[in-house]
Amino acid sequence: MSGRFAPRTTRTTVRGGHAGVPAGVPRPVRGGGDGPARVREWVPEGALDLGLVLGPLRRGPGDPTFRAMPDGSVWRASLTPVGPGTLRVSAVPGGGAVRGEAWGPGGEWLLERLPDLLGASDEPEAFVPRHRVVAMARHRRPGLRLTRTGLVLESLIPSILEQKVTTDEAYRAWRLLVRKFGEPAPGPAAGGRLWVMPAARTWALIPSWEWHRAGVDNKRASTILRAVRVAGRMEEAVGMGPEEARARLEVVPGIGPWTSAETVQRSHGAADAVTVGDLHLPGIVGWALAGDRGADDAVMLELLAPYAGQRHRAARLILLSGRVPERRAPRMRRGDIGAL
C-alpha cells in the first residue's frame with residue numbers, strides 16, 4: 001500500500017460489481033401460503049451470470065426486497081402494475097436454462113418479463129472494447145448483461161434516497177422504510193421474510209417524523225413525495241426510450257441527471273446512460289483509462305466517448321476490473337438526522 005489508506009469499496013464500485021450469489025446447486029422450492037409457484041424456464045443466448053445481471057437491483061446487503069441464497073438462487077419482491085409478486089431465479093442443473101418461480105398477484109407479470117430482467121433485450125455483442133483494462137474485464141466477465149425491470153418507481157425511490165449521502169445512510173433508510181411501510185412478499189420465505197416496497201399512495205402518507213427517524217432529510221423526502229404524486233406518469237416512462245424517459249423524470253424538481261441515469265440503467269437496461277455528478281465514478285474511470293485520479297465529469301465523458309451508445313456498459317466493466325485508485329482523504333462523514 002503506497003498511500004495512507006487502503007482501496008475502499010464505495011457505492012459506486014458496488015453498483016458495478018457482483019451481487020455475491022454463492023455457488024451451489026439449486027433445489028426445488030415448494031409454494032408457500034399463496035399457492036403453488038408459477039414456473040417458467042428460459043434459455044439465454046450465451047453466458048449469463050445471475051449475480052452480475054441482478055446485482056445492481058440490490059440496495060445493500062440488508063435489502064428487504066432482495067436475497068441471494070446459498071443454493072445459488074436470487075429472490076426478488078416487486079410491486080408490479082397488477083400487484084405484489086415474488087420471483088425466485090435459479091440456474092437449471094445440467095443445462096444452460098434459467099428457471100423462474102413466482103408467487104402472488106404479480107407473479108405472472110414477473111414471469112412474462114423474466115427474459116428482459118435477465119438481459120434478453122440487451123446487446124452485449126455490440127460492445128467493442130477500446131482499452132486493455134476494459135477488454136480484460138469483459139473477458140473475465142462474459143456473463144454480464146444489463147437488466148431491464150420495466151418498473152420505474154422501484155429504482156427511482158432508492159436512487160433518490162442515495163442522493164449526496166453515504167452508502168450506509170441510504171441503505172439504512174431504504175431498509176427501515178420498506179420494512180415499516182411495505183408489506184410481506186407473497187410466497188415462501190427466502191432465508192428470512194422478503195418485503196414488497198410501499199405503493200405510491202403509502203409513500204405519500206408517510207409522516208414527516210418517520211422520514212426523520214429513517215435519516216432522510218426534507219429535500220430527499222420532498223423529492224420522493226413529488227415523484228409519487230405523479231407515479232402513473234413516472235411508470236409511463238417505461239414505454240419511452242431511455243433519453244425520453246430521463247427527460248420525463250427530470251421534470252420533477254429534485255430529480256437530476258445522476259438520479260435519472262441510475263433509474264433508467266435498471267428500469268430500461270440503458271447501455272449508454274452513464275452516471276454524471278457522482279462523487280467517485282469520474283476518478284475511477286479517469287484512473288483506469290488515463291491514470292488521472294482527479295478526473296471530473298467532463299474528462300470522464302471524453303474518455304468514454306469511444307464507447308458512445310455503450311458508455312454505461314463500459315463504466316460497469318471498469319468498475320468490475322478492480323482498477324480503483326487508493327483513497328487519499330478520509331471517508332465521507334456519516335450523518336444521522338434521526339438521532340437529532
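Student: Which span should the 12 residues of helix α10 have, and how far apart are its end C-alpha atoms?

Tutor: This is a predicted model, and helix α10 covers residues 218-229. At 1.5 Å a residue, its 12 residues should span 16 Å. The end C-alpha atoms agree with that expectation, being apart by 16 Å.

Student: Which helices do the buried residues of α10 pack against?

Tutor: The buried residues of α10 include A221, I224, L225 and V228. An α-helix has 3.6 residues a turn, so residues three or four places apart point the same way. The buried residues of α10 pack against α6, α8, α9 and α11.

Student: Which residue caps the N-terminal end of α10?

Tutor: A side-chain oxygen lies 3.0 Å from the backbone nitrogen of K219. The residue that supplies this oxygen also meets the side chain of R220 in a salt bridge of 2.8 Å, N to O. The cap is D217.

Student: Is R220 buried or exposed?

Tutor: The cut-off for buried is under 20% relative accessible area. D217, at 28%, is partly exposed. R220 has a relative accessible area of 3%, so R220 is buried.

Student: In what order do the five strands of the open sheet stand?

Tutor: Strands of a sheet pair through backbone hydrogen bonds, either parallel or antiparallel. In this sheet the pairing is antiparallel, and the order is β1-β5-β4-β3-β2. The edge strands, each pairing on one side only, are β1 and β2. Neighbouring strands are turned against each other, direction ignored, by an average of 20°. To end on the order itself: β1-β5-β4-β3-β2.

Student: How many bridges join β4 and β5?

Tutor: Strand β4 is made of residues 83-91 and strand β5 of residues 98-103. L87 stands opposite A102 in β5. The two strands pair in the antiparallel sense, and the number of bridges is six.

Student: How many residues apart are R59 and E162?

Tutor: The side chains of R59 and E162 meet in a salt bridge (2.9 Å, N to O). R59 is in the loop between α2 and β2, while E162 is in the loop between α6 and α7. Both residues are buried. The pair links distant parts of the chain, and the separation is 103 residues.

Student: What is the phi of K164?

Tutor: K164 is found in the loop between α6 and α7. With a relative accessible area of 73%, K164 is exposed. K164 is not a glycine, yet its phi is positive, at about 55°.

Technical notes:
Residues numbered from 1 in each chain as written. Predicted model: local features only at pLDDT ≥ 70, side-chain atom pairs only at ≥ 80, totals over all residues. Heavy atoms only, no water. Helix = DSSP H or I, 4+ residues; strand = E, 2+ residues; numbered from the N terminus. Expected span 1.5 Å × (residues − 1). Buried < 20%, exposed > 50% of the residue type's maximum accessible area, 1.4 Å probe, protein only. Contact = heavy atoms within 4.5 Å. Polar contact = N/O pair within 3.5 Å; in protein donor to acceptor, adjacent residues only side chain to side chain. Pairing = 2+ DSSP bridges. Axes fitted to C-alpha atoms, helices over the stretch in contact; angles between N-to-C directions. Salt bridge = Lys/Arg side-chain N within 4 Å of Asp/Glu carboxyl O.
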